[in-house]
Amino acid sequence: MQNEHDDDSIIDVSGSADIPIDFGTALHVQEPAVENTPKPQYDPEGWKIGKKYIRKLSLNDEQAAMLDRLWFADNVFNEIEYCRIQILKQFLRAIDYLQIHCVPVNKSYATVIEELSEIIVCLQYNYRKESLNYRYTYDAVQTEIFNHILKLCENNVREVYGIKRKINTDFNYTHPDIQHQYGRKIVSKLEVFLAENQHQILDADHRTNIVLNENNTGRWKTKFETIKEDFSNAPAFEREIFRLADVNIRNPSQDTIFFEASKFISKHDRISALKLYLHYFEKDLNSSQFDRKQLTKNIQKSLFSTNEQLTDFENILNEFITTRNLEAAIEKASQLYLPKRKKIVIDRDAVENVQRQHSGTVALLEEYLRDDYEQENITEKPIETEEEDELTMNITHHNAETNTQKYIEELNLSEIQKEILDLFEKQSFNIPQSEMAAYLQSKNLFMGSTIDSINDLCFEILDDVLIEEEDEYFTINTDYYKKLLKND
């Protein structure tokens, strides 16, 4: 039953069928009620800087009103919120400085900005104070001064953040007297203040640095120079490089940071240089263009003492290209300079041969000792200490004939080449390169050509290289050496 307080437009559809029904009204009534939510209203002053930043910068009414008169010539730098806040803070400090420390000549003006505004109105427009246009023009000129100071402050913040590009700060008025008065009373004062006050500009935070480095791809170089100047040790240097690379994550020049770092640290720490080069290699692989910059020959010489080390590192790089396992590559590079364990292979035949020679020498010595009279043709020479090494190298002359017949004749080895092979045998087929160089120098021979000549003579028989470089040693494969000996 319809409530007596209901509106007449509401239809009781449960009543008699004889009552005509207004379906349009009925459908309208059945629509769900719409909540009465206020629509957001457009704020025509929402763009004003003072109103936008009144809380964030804790502005008083006077500061908010002053910032409301400003506008930014938007660019990629001041559109970054953090940078814009630093510019506005520097602007407020600059205005305070001018108001407190720059006293106008005409005492009727409270600040030097007001004094300059009056000078510009008079010189540029020649308006009288009583005229209708004076007040409007005066306010407009003062706003232009504020905006020019804002530009000076933006360039100041840009300098602190390592942005070399500066915005144009030409003043709108070119009248010589205006330029002179404005430069003397405001610009020259602010140049000193802003330079001395840069320490109050906060360093860019992590997120801001990423954006700045993305837009300014060479910005990292300034920080890199500072890191190099502050170098103390390799681990600290690496940490700073990784921090620098971290804020250049969206910078296409990130790989160059690691490359330059590898070049610098190569003079101080070889392992660190290899690790940083691997990081460069990894970034370069993931870039749109694979450059693979090579370290200079001088740096390579300082990093790799032997060709084997260089080859080992090249193998690490090639393996990394396949696996993309950076940690494994760095681990292998860290062990590149560790001495390799030599595999000792006991040659049973050589041992028995030495034993036979030793037993024969002992028997011969005993025979000499028993028969002193049979040594009449032997001339004794005193053994001096300083000649001990030379005597060790040239054992006795009676073995010369044996040595001549030791190697197969088709090799056509010279006497010095045979001596070198004998020397390898005496030192278990491993001779330090430095020791070999000293020995050959005493014979007035060049190490490279001498080793190559032996390898060339033996190549036809072995079909391989006899004397090889391994770390800082020259080595000979014992199986290859046996092939050079005559079969008695």
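**Close-up views: helix packing and a cavity**

The crossing of α4 and α6 is right-handed (a crossing is right-handed if the near helix is turned clockwise from the far one by less than a right angle, and left-handed if anticlockwise). The model is predicted: local features need pLDDT of at least 70, side-chain atom pairs count only at pLDDT 80 or more, and totals for chains, interfaces and linings use all residues. Residues are numbered from 1 along each chain as its sequence is written, and side-chain values use heavy atoms, with hydrogens and water left out.

**View 1. Helix α4 against helix α6.** Helix α4 covers residues 81-101 and helix α6 covers residues 132-160. Helices are DSSP runs (H or I, at least four residues), numbered from the N terminus. The two pack at an angle of about 120 degrees, with their axes 9 Å apart. That angle makes α4 oblique to α6. Axes are lines fitted to C-alpha atoms, for helices over the stretch in contact, and angles run from 0 to 180 degrees between N-to-C directions. Angles under 35 degrees count as roughly parallel, over 145 as roughly antiparallel, 65 to 115 as roughly perpendicular and the rest as oblique. From α4, Q86, I87, L88, Q90, F91, A94, I95 and L98 meet F146, I149, L150, C153, E154, N156 and V157 of α6 (contact means heavy atoms within 4.5 Å). This contact divides into 11 nonpolar residues, three polar and one charged. Ala, Val, Leu, Ile, Met, Phe, Trp, Tyr, Cys and Pro count as nonpolar, Asp, Glu, Lys and Arg as charged, and the others, Gly among them, as polar.

**View 2. Helix α4 against helix α7.** Helix α7 spans residues 176-196. The axes of α4 and α7 come within 11 Å and cross at roughly 120 degrees. The pair is therefore oblique. Their crossing is right-handed. Q90, R93, A94, Y97 and L98 in α4 touch I186, K189, L190, F193 and L194 in α7. Seven of the contact residues are nonpolar, one is polar and two are charged.

**View 3. Helix α9 beside helix α11.** Helix α9 (residues 220-229) packs with helix α11 (residues 254-265) at an angle of about 25 degrees, their axes 12 Å apart. The two are therefore roughly parallel to each other. The crossing of α9 and α11 is right-handed. In α9, W220, F224 and K228 meet T256, I257, E260, A261 and F264 of α11. Five contact residues are nonpolar, one is polar and two are charged.

**View 4. The largest cavity.** Its volume is about 50 Å³. A cavity is a set of points, on a 1 Å grid over the protein atoms alone, where a 1.4 Å probe fits but cannot get out; lining residues have an atom within 4 Å of a point. Grid points are joined across faces, edges and corners, and a volume is the space filled by probe spheres set on the points. I316, E319, F320, T323, N325, A328, A329 and K332 line the largest cavity. Elements giving two or more residues to this lining are α14 (307-323) and α15 (326-334). The largest share, four residues, comes from α14.

How values were computed: On a 1 Å grid over the protein atoms alone, a cavity is a set of points where a 1.4 Å probe fits but cannot get out, and a pocket is an open set with protein on both sides within 12 Å along at least five of seven lines; lining residues have an atom within 4 Å of a point.
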